[in-house]
Amino acid sequence: MEDLFGHHISYLRVSVTDRCNERCRYCMPEEEQAWFPKDETMTYEEMARVVRVGATLGIKRIRVTGGEPLTRPGIADFCGVLTQTPGIESVGISTNGTLLAKTEGGLTLAEKLVRAGVRTANISLDSLDRAVYQRTTSRDLLPRVLEGIDAAIQAGFDSIRLNCVLMKNQTERELPALVDYAAQKNALLRFIELMPVSTQEVLREDNFLPVATAKKLVEQTTGPLIEEPDFKTNGPAVYHRVSSTGQRIGFIGAMTNLHFCETCNKLRLTSDGKLRPCLGSYLEFDLRAVLRAGCSDAELAAFFQNVVARKPKEHDFRHNYQPNRRMIAIGG
Ligand code: SAM
Ligand code: SF4
């Protein structure tokens, strides 16, 4: 599938829930805590069908996300269905890490995911300081996240990425510890600029830390970072290598990188069944209604193609974007 601006669509983010056991300031403001009713949430069977039809149209990679995907019972089995879908080459998971070390039937959830064929785990880690972590996520769960990261390493994912959302007056102090920790755990560290997805308020001058500043701060402890334009994961991260150690660090600059959207290859399926062509646009299309009205696979495929045709050239975050859905209800 190709849109009007030459974006080749091969990647689908599937959000399996809008629920979460944390309350990150930038994702789910504490005062807004209404969940989707159960009957509005897509069943695993419905989501698997969407992926199966998407795969016939060129979707090759899936990332399962949320909310916190590991809070939904049966998540590893669902991932197993996705990894077995013809045409799907890789399935990854995005998680806050708090439940990766939880055991079910003698296996950790991390092990169950790896056995189901999940290849990459993106784990959020904004801070290694327990008090700062608690302030950011409103939960004192840092020790469980660190156990979760160790469980993920033991389980044997092909790749573990640690995602840190940049926050001014906070992340600056965290950088050296995060860089060291990622090196020690052989994980790929990525710094993400705050986006005004859930609330405009996060983008205030006193909260926003651009990736360019973060890069300079990292260089103060690591020495020069050398850009590696040819190294890509699936998304828009720009990677650099620490020249002295070879460690790779990614920077995701949705707000300041003006080329951010040029290589976009994604669609998003929300847990209430809306297909969204872009994270930073109001546009969303009610796939659940079409599915539950009994559409055929051919109609579902046509729906996908119509959504791709409406994909905007770029996100709207720099142009007075007004949040209409919290990040937690879209799927990051
Ligand atoms: N609960 C999982 C987690 O925390 O990784 C998966 C869902 S979360 C919405 C996915 C990613 O979106 C996380 O890395 C999170 O830090 C990021 N995120 C959430 N709100 C954001 C915002 N306003 N700006 C930038 N990144 C954000
Ligand atoms: Fe939950 Fe992830 Fe959002 Fe934090 S970023 S509130 S962990 S969904």
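Welcome! Start with helix α9, where L300, A301, F303, F304, V307 and V308 are buried. These six residues span an arc of only 155° around the axis, which puts them on the same side of α9. Keep in mind that this is a predicted model.

**Helix α9**
- Look to the other side of α9 and you will find A298 and N306, which are exposed.
- Helix α9 runs over residues 297-309, and at 1.5 Å a residue its 13 residues should span 18 Å.

**Who surrounds ligand 1?**
- Ligand 1 is surrounded by 17 residues, and the closest are Y26, G67, S124, V165 and M195.

**Polar atoms facing ligand 1**
- A polar backbone atom of M195 sits 2.8 Å from a nitrogen atom of ligand 1.
- Y26 also brings a polar backbone atom, 3.1 Å from a nitrogen atom of ligand 1.
- For T95, a backbone N or O atom is 3.2 Å from an oxygen atom of ligand 1.

**How the protein covers ligand 1**
- On its own, ligand 1 has 540 Å² of accessible area, and the protein covers 94% of it.
- Two strands, β3 (90-95) and β7 (159-165), are the elements that give two or more residues to the shell around ligand 1.

Methods:
Residues are numbered from 1 along each chain as its sequence is written. Chains are lettered from A and ligands numbered from 1 in the order in which they are written. This is a predicted model: local features need pLDDT of at least 70, side-chain atom pairs count only at pLDDT 80 or more; totals for chains, interfaces and linings use all residues. Side-chain values use heavy atoms; hydrogens and water are left out. A residue is near a molecule or strand if one of its heavy atoms lies within 4 Å of it. A polar contact is a pair of N or O atoms within 3.5 Å; within protein, one must be able to donate a hydrogen and the other to accept it, and residues adjacent in sequence count only if both atoms are side-chain atoms. Accessible areas come from the Shrake-Rupley method with a 1.4 Å probe; for residues, only the protein chains shown count as cover. Helices (H or I, at least four residues) and strands (E, at least two) are DSSP runs, numbered from the N terminus. The expected span of a helix is 1.5 Å times one less than its number of residues. Buried means under 20% relative accessible area, exposed over 50%, partly exposed in between (1.4 Å probe, protein chains only). The arc is that of the directions from the helix axis to the C-beta atoms.
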